[in-house]
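Hi everyone, thanks for making time this morning. Let me put the structure up on the screen and we can walk through it together.

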Amino acid sequence: MLELNKQQTLSFHSELYKLIPQDHLLIRIHQLIDFSFILDFVQGHYNLFYGRRAKDPEMLFRLIFIQKLYNLSDERVIEETKVNLAYKWFVGLNPEDPLPDPSLLSLFRVHKIGAGEVENLLTEVVKQCVAKGLIKSSAVLIDATHTHSKYEASKPLQVLKQAANRLQRAVKKHNSKLLKQLPKMPEFEGEIREQEKQALAYLAHLGETVEELLPDAEGQVQSRLEETKKIVSDERLLAWKGVQSAIDPDARFGWKSATTSFFGYKESIAMTEDGIITAIKVEPGNVSDPKAFPELMKHTSETGLVVEEVLADKAYGSFTNLKLLERDGITPTIQLNEMMLYGHQDEHRDKFVYHKDSETVECPAGQHSIRKAKMGPKDGNECQRLTFFFDVEKCKDCPLQEGCYKPGAKSKTYSVPIIPEFKQKAVEYHNSEAFKQRYRMRYKIEQKNHELKNHHGLANSQYSRGLIGMRIQAVLTAIVVNAKRMVKLASPKMA
Ligand code: SF4
C-alpha cells in the first residue's frame, strides 16, 4: 500500500528550513525537476490496497538521488539526512520526522526501480529539460566508457563450484531440512577440462533438484536458480569466454586499449553538446560499442529533442549506423572505422565483432584475430577484401566450430568486402575542414565520462544483481549529472 509524500503538512519545526540558503544546489534542483514521475514508474509494482504501508516512492527516490549526488552509501545517506536540513527538506520530510531503515533503499532500487525499464527514468528527466528550453544544441555526442565489476573474474571450475555453493546456501537459509535432499558436490577428477564438465553436470543436476523441491521458489532461492540457469546454459563458459563470476554473471572482459583489458561493463552514452545525457545503454564489457547506437538514437528522440548532427569516434562509423543517420537526415560527424572504409557489415555476419581499440575481429567463441591483411587486386580496384586471420590451434578445440572451421583446414579467416561508394564518401567527408572543426567538440563527452566515473562512482560497480544492477547505477548517475548540468544551464552565467 502506498503512503504518499507527507511534507504537505508542515510542522512547527519546518521553520528551520528557512535557514537553508536559497541558492543551495538541492533547492535549485528541486525548482527544476519534478520528481513525481517516479510514482507512475513504480506504481505497478506496489499493491495499492493491501499490505503494510509502503514508504513514499518519491521520498525514497530523492534519498537515492542525494546518495548518488554526494556519493554516499545507503547507511551514510540516512545518517547524513538525519542531521542535514537541506537533505531533509529535499526528501520532503519535516525536521523531526524519522527516516527509513537504510535496507529499504536497496529494496526500493532492486524491486521497484529495477522492475521497470530503468532507462525511462532518464528519458523523463531529459523531457523536462527539453520542455524548459534548457537544451540549445541539436548536436549529440556519442561515446562509451567502462565500469569495473566489484567482483573478481574466476575460471570456469571456480564459477561452477561457487554457483553450487551459493544455491545450496540459499536453500539452507530457506529450509535447512531440504539440504539433505540435495545432491552432494563430488570430488571432481581428471584433467581440468574433464573436471569442468563434471562440475557443469553437477550444477545442472543441483538446479533441477532445487526446482523440483521448490517449484514456487521466491526471493534468494529464485535469484540463485536464475543465476544457475544462466551459468549452465552459457555455451561459452567452458571456452573460458562466458560467465566468469557466479556473483556477477553478466560482467565480461572488454578492451580499454589494444593491450589493456577490464572486467565489467560498458556504458554507451549519448549527450547533447550542451552537456545533457539523453540516453545511456549498459552492456557486458565484451559487447562492441556500435550495437548500442540505434537504441541511443531512439531514446534520444523519445525525449522530444530534434537531433541534426551526431559526433562519434570510429567505433560508431559502421555502415548500419551511417545508413540510419542518412535516413533521418542527420549529419554524421563520425570517423569511419576500418570495417566501414574497407568492408561491409551485414546483420547475418554480425556474430563476428570488430574491436576498434585492438583492431581485431572477435569470433563467436571470443577468439580475437591475430593478424589482418588486405587481399585481392592492388591496382585501386575496389574489389579488395580485408581479411582477418584466427589462430587455428584454438579453432581445433572450439565447441562452436561447426559451420565456422573445417577440421584439418590450415587457416581460419574472416573477410569483408570493400564498398567503393562508402569509401569514397568517407574519404571526402574526412577531408573536409568542417568535419575537422566539428569533430574537435568530442572532448566534451570525454569530460562527462570523467565526471560520471570520478565524481559519482561509475568507475566501479556498486550494486549486485549483474546487468540490471549496473543499469540502475548508470541511469541514476546520469540523472544526477544531468540535474547538476540543468542548474548550470538555467543560470547562464554558470553554464
Ligand atoms: S572455430 Fe575458430 S573462429 Fe570459429 S568460433 Fe571457434 S574459435 Fe572462433
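This is a predicted model: local features need pLDDT of at least 70, side-chain atom pairs count only at pLDDT 80 or more; totals for chains, interfaces and linings use all residues.

The chain has 495 residues, and 52% of them count as buried. Its secondary structure comes to 18 helices and 11 strands. If we take contacts between residues at least 6 apart in sequence, 68% join residues at least 24 apart. The accessible surface is about 24300 Å², with 51% belonging to carbon and sulfur atoms.

Now, the rings. There are 13 aromatic pairs in the structure. One of them is Phe65 with Phe90, a tilted pair at 5.7 Å centre to centre and 35° between the planes. Phe65 is in helix H3 and Phe90 in helix H5, so this pair ties together parts 25 residues apart in sequence. Both of these residues are buried.

Tyr70 and Tyr87 make another pair, this one stacked, with centres 5.2 Å apart and 20° between the planes. Tyr70 sits in the loop between H3 and helix H4, while Tyr87 belongs to helix H5. Buried or partly exposed, which is Tyr70? At 30% relative accessibility, Tyr70 is partly exposed, whereas Tyr87, at 8%, is buried.

Back to Phe90: ring pairs join it with Phe35, Phe37, Phe61 and Phe65 in a cluster. The charged end of Arg62 also sits over the Phe90 ring, 4.7 Å from its centre.

Finally, the strands. S9 and S10 pair in the antiparallel sense over five bridges, and Met375 stands opposite Arg385 in S10. Five of the six residues of S10 are buried, so this strand is largely enclosed by the rest of the structure.

Methods:
Residues are numbered from 1 along each chain as its sequence is written. Side-chain values use heavy atoms; hydrogens and water are left out. Buried means under 20% relative accessible area, exposed over 50%, partly exposed in between (1.4 Å probe, protein chains only). Helices (H or I, at least four residues) and strands (E, at least two) are DSSP runs, numbered from the N terminus. Two strands pair if DSSP finds at least two bridges between them. Contact means heavy atoms within 4.5 Å. Accessible areas come from the Shrake-Rupley method with a 1.4 Å probe; for residues, only the protein chains shown count as cover. Rings of Phe, Tyr and Trp (its six-membered ring) pair if their centres lie within 6.5 Å; planes under 30 degrees apart count as stacked, over 60 as edge-to-face and the rest as tilted. A charge sits over a ring if NZ of Lys or CZ of Arg is within 6 Å of the ring centre and within 35 degrees of the ring normal.
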